[in-house]
Each structure stands twice: as structure tokens, then as C-alpha cells.
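Here are a few notes to read alongside the picture. Take them one at a time and find each spot as you go.

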Amino acid sequence: MSSAEQTLAAGAARQSGDAVPVVRLEGVRKSFGDNLVLDGIDLSVSAGEVLVVIGASGSGKSTLLRCVNLLERVDSGRIFFEGDELTRKGVDLPAVRQRIGIVFQQFNLFPHLKVLDNLTLAVRRLRKVRRSEAEARAHELLARVGLAEKADQHPHQLSGGQQQRVAIARALMMDPHMMLFDEVTSALDPELVGEVLIVMRDLAREGMTMLVVTHEMQFAREVGDRVVFIDEGRIVEQGNPKDVLDRPKEERTRRFLHRSLQLADSLEQLTVEEAVDQDELREGGPQ
């Protein structure tokens, strides 16, 4: 099945409500030294679903994402991808990672390579795709993210938003079955955020399964199928984006949204003492 057929099938599954879990986490725990970062996470992502993870810095969001494709090894619990347990002994990690695309906050492009070569390097080396075929696919993806004319430029000639779009196109070169996004707009100037979110929105509309860690609440509202709020390594609340973001049931969720100025009248009601308390909670520890 081609990449286009996969995304169409995923979109159809989401529309019909028959989506099956692409990723499933069972009782996942992860610590860094004495710091417990993930504390018994149970979570699943269905085919074609856009699951958005929110929470304060240091709550475990990014660590959760990195555990999905085993960039971080879990201490206990199990992770399944398309029915295959990734946490079992002997799993073929390189093969798994080719099926799970990931885009980080930092663009991680090779500065000495042109944009076109940044896109084609991995697929040529890992999958032995011919240069002509890889370059044709790269040009197609650059056009898809609005950068058709940038193929022969180097990363330093691009804006931050353009570099992040190149990073997304590079991840798509491997025809991933799922995409992970780790706060991909947090390092961008505000006026560049939209161009990246539009690319992500279009991927979602095409049926790509996505797990997104972000502070962009408007994206969560408009594109997310489900929002998960994590605090101190635990899932506190999850559900429909409008329910979680506008009518949170849990006090910890309300406090987070209030302090991040997402609830109505938050700025009017927030005191400096509350804001300082939140900043202190964010200090230290992995995200």
C-alpha cells in the first residue's frame, strides 16, 4: 500500500469510528535517577487519530514521546506499535524507527547539505533508493510543505519556520505510519508558527496518525481529536479538546489552563504569586 493509500485508509477509519490502536502503552514508567518522570502511563492512539499532549514543562510530555520509538528506554511497562511489542527483547529498532517519523523542537538539519540532500540522505542509505527516485519524492514533499523553490538552498538560508517544514518533509521521506511532533513550534518566532501548524493540519486532514506535544492550544482545539493533560508523569485528564480545554473536570487541569492563560479571564484573575509558583514547578527535570 502506498503512502497516499495508507493516509486515505487511515482517514476513512477515523471517519467510520473503526480505528484500531496504532500505538498502545501499558503501565509505562520511566525515571532519570531519582526523578520519576512517567508514572504508570496507559495510553493508545488509533489509526488516523491526532492525539495532543499538553502539560507544564517537566511534566513528562517529551519523555513520553521519546519512549514511543524507544529513543528513551522504559523502566517498566510495555509499548506496542501496530500490534508488535517494542519493549520485548530482540526488537529491530532501526526498522521500527523507519515506520515512526519524529520532528523535534530543534530542526536538526545537516548544515553542510542542501535541502534536497537533507531529505534524500536517509532514504538512499537505509533503503537503498536510487538518487533519481529519492530526489523526485523529495521535490514532491517540498512542494507539499510549500518549499518547492528551496531545494538547492542550505539550512542557514532559510527561516526557522522553513527549516521546520524541511524537517517535517524529511521525516515524511520514509513513508512513516505515524508522526511524532515534540513542541515543534516552541523555538519559532510567533509569526512563523502558523506556517508549520498549517502543514501539520494538512497532514491530519490526510489521515496521518499523529502524537503531538505542544503548547499551541488553538491547534489542539481545531485539529486534535483528543487532548491528554499530563502532570507529574501521570495522565490527569483526557477527552474531546473542547471539553478538556473549555470545561476541564479536574482541578489540576483547570489550574494549568488558568496559569497558562487559556481559560477565560485568566490574565485578569492570575496573581504574580501563582505565576511564580508555576515557574518554580517547571524548574529542573526532563520534560
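Is T185 buried or exposed? T185 is buried, with a relative accessible area of 5% (buried means under 20%, exposed over 50%, partly exposed in between, using a 1.4 Å probe and protein chains only).

1. Before going on: this is a predicted model, where local features need pLDDT of at least 70 and side-chain atom pairs count only at pLDDT 80 or more, while totals for chains, interfaces and linings use all residues. Residues are numbered from 1 along each chain as its sequence is written, and side-chain values use heavy atoms, leaving out hydrogens and water.

2. Back to T185, which sits in the loop between β7 (178-182) and α7 (190-205). Helices (H or I, at least four residues) and strands (E, at least two) are DSSP runs, numbered from the N terminus. Setting aside neighbours within four places in sequence, T185 is in contact (heavy atoms within 4.5 Å) with V193, V196, L197 and E216.

3. Now the salt bridges: the whole structure has 22. The term means a side-chain nitrogen of Lys or Arg within 4 Å of a carboxyl oxygen of Asp or Glu. E26 pairs with R24 at 2.9 Å, N to O, and with R78 at 3.0 Å. E26 lies in strand β1 (residues 21-32) and R78 in strand β4 (residues 76-81), so this pair ties together parts 52 residues apart in sequence. R24, E26, R78 and E85 are linked in a salt-bridge network.

4. Look at R226 and E49 too: their salt bridge has its closest N and O atoms 2.8 Å apart. R226 is buried at 16%, and E49 is buried at 11%.
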